[in-house]
Each structure stands twice: as structure tokens, then as C-alpha cells.
Amino acid sequence: MENQLGLLRIRIIRGINLAIRDLRSSDPYVVVRMGKQKLKTRVVKKNVNPEWNEDLTLCVAQPILPIKLQVYDKDTFSRDDKMGDAEIDIIPFIDAVRMTRYKNIPINGVIISRNMPNRQNCYSEESCIVYENGNVVQNAFLRLRNVERGEIQLQLQWIHIPSSKNL
């Protein structure tokens with residue numbers, strides 16, 4: 001892929017106060033999409049505060065597309081129930097990666113950029129893009145839309161591909 005920029009590792013850490021879709025609980029899992037790419041976490045049985053701690057890796061190419069997350073409740077005998085969705089515009093993250101490629105940032109923990117929650121994004125609190133151990137990393141809490149409650153905690157980390165010349 002000549003327009004490939006690099007890889008984006010998404011660590012789906014946990015769900016917080018997710019909606020109940022079964023009798024007393026839910027069996028949640030997360031589907032991550034970017035363009036035609038689709039990945040998903042394992043199902044955590046009977047838990048509205050699941051811990052996944054799963055790494056999913058997407059290939060980022062031009063044009064840069066948003067990441068879409070959808071949370072579902074796994075059902076055995078019927079269609080899986082929707083438990084909300086969220087979206088992340090990764091252009092600020094990619095801009096931070098580009099900035100670190102052209103500037104020498106040797107100090108660990110340097111904040112490169114801040115994302116504030118507002119009505120146009122899904123952040124539930126301030127999310128900083130930082131330089132950690134030679135990597136560009138963003139920790140985020142995303143509030144789920146189209147549902148009565150719930151958040152997803154995740155981390156983005158850039159993986160540079162040496163053969164990629166675009167970034």
C-alpha cells in the first residue's frame with residue numbers, strides 16, 4: 001500500500017457503567033471499524049463494567065478516516081443488542097505523530113496536544129496526546145452515544161513502519 005502511513009494500536013481497556021441489555025446484566029464486546037477494516041474484542045459475560053485489555057491494530061492510510069466503536073451485548077438466540085457507539089477523529093493524533101517525526105522530543109511525558117470534551121466529539125474528559133518511551137500515546141475515556149449510559153476507556157499508540165515514507 002503506497003498510501004499507508006503506519007499502524008495504530010488501539011488498546012480497549014474497559015467499559016464503565018454500560019447499559020443492561022439482558023435480565024440483570026449484559027455480555028458486552030466492542031467492534032472497532034476504520035474504513036473497510038473491522039476488528040472486535042472478546043465477549044465478557046455478565047458484566048456491565050468489563051475489562052478487556054485487548055490490543056487491536058489498524059492500518060492507517062490516506063485519506064485518514066475516523067475510528068468508529070460500537071458496543072454490543074452478545075445474545076445466543078437473537079440478534080446482538082446495541083449498547084452504544086462512539087467515534088474518534090484521529091487527525092489530531094496523526095498531526096502529533098508528524099510533529100514528533102520532525103522535532104526532537106526527548107523528554108518523556110511531554111504533552112503534545114490536548115483534546116477537550118465538547119458536543120462535536122465523544123470525549124468524556126480531557127484527553128492528552130503525550131510522548132511516552134519513544135511513542136506517541138493517547139489515553140481516552142469516550143462516552144457512548146445512542147444509549148442511556150456508558151463509557152469506554154482506551155489507549156491509542158502509533159506504530160511507525162520503517163518502509164512508510166508518508167509520515
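This is a predicted model: local features need pLDDT of at least 70, side-chain atom pairs count only at pLDDT 80 or more; totals for chains, interfaces and linings use all residues.
**Entry 1: the overall picture**

I started by listing the elements, and I found one helix and 10 strands in the protein. Read from the N terminus, the order is β-β-β-β-β-β-α-β-β-β-β. Next I looked up the radius of gyration, which is 17 Å. The globule rule gives 15 Å for 167 residues, and the value here is close to that, so the protein is as compact as a globular protein of that length. I also noted the span of the C-alpha trace along its principal axes, about 55 × 35 × 25 Å.

How much of the protein is buried? Buried residues make up 47% of the 167 residues. The accessible surface comes to about 9400 Å², and carbon and sulfur atoms hold 47% of that surface. I then turned to contacts with a separation of 6 or more, and 58% of them join residues 24 or more positions apart.

I then picked out the pairing of S2 (residues 28-34) with S5 (residues 67-73), which is antiparallel and runs over six bridges. For a handy landmark on screen, I marked Arg-33, whose bridge partner in S5 is Lys-68.

**Entry 2: charged pairs**

Side chains of opposite charge can pair when their charged atoms come close. With that in mind I searched the whole structure, and the search gave seven salt bridges.

*Glu-54 and Arg-42.* Their side chains meet in a salt bridge at 2.7 Å, N to O. Glu-54 sits in strand S4 (residues 51-61), while Arg-42 is in the loop between S3 and S4, so I would call this a link between distant parts of the chain, 12 residues apart. Is Glu-54 buried or exposed? Its relative accessibility is 17%, so Glu-54 counts as buried, the cut-off being under 20%. Arg-42, at 41%, counts as partly exposed.

*Asp-85 and Arg-145.* The closest N and O atoms of this salt bridge are 3.0 Å apart. Where do the two residues lie? Asp-85 is in strand S6 and Arg-145 is in the loop between S9 (135-143) and S10 (151-159), so the pair ties together parts that are 60 residues apart in sequence. Asp-85 is buried, with a relative accessible area of 17%, whereas Arg-145 is partly exposed at 35%.

*Asp-95 and Arg-98.* Here the closest N and O atoms of the salt bridge are 3.8 Å apart. Both residues lie in helix H1 (residues 91-102), three residues apart, which is about one turn of the helix. Asp-95 is partly exposed, with a relative accessible area of 38%, and Arg-98 also counts as partly exposed, at 24% relative accessibility.

Note on methods. Residues are numbered from 1 along each chain as its sequence is written. Side-chain values use heavy atoms; hydrogens and water are left out. Two strands pair if DSSP finds at least two bridges between them. Helices (H or I, at least four residues) and strands (E, at least two) are DSSP runs, numbered from the N terminus. The radius of gyration is taken over C-alpha atoms; the globule rule is 2.2 Å times the number of residues to the power 0.38. Buried means under 20% relative accessible area, exposed over 50%, partly exposed in between (1.4 Å probe, protein chains only). Contact means heavy atoms within 4.5 Å. Accessible areas come from the Shrake-Rupley method with a 1.4 Å probe; for residues, only the protein chains shown count as cover. A salt bridge is a side-chain nitrogen of Lys or Arg within 4 Å of a carboxyl oxygen of Asp or Glu.
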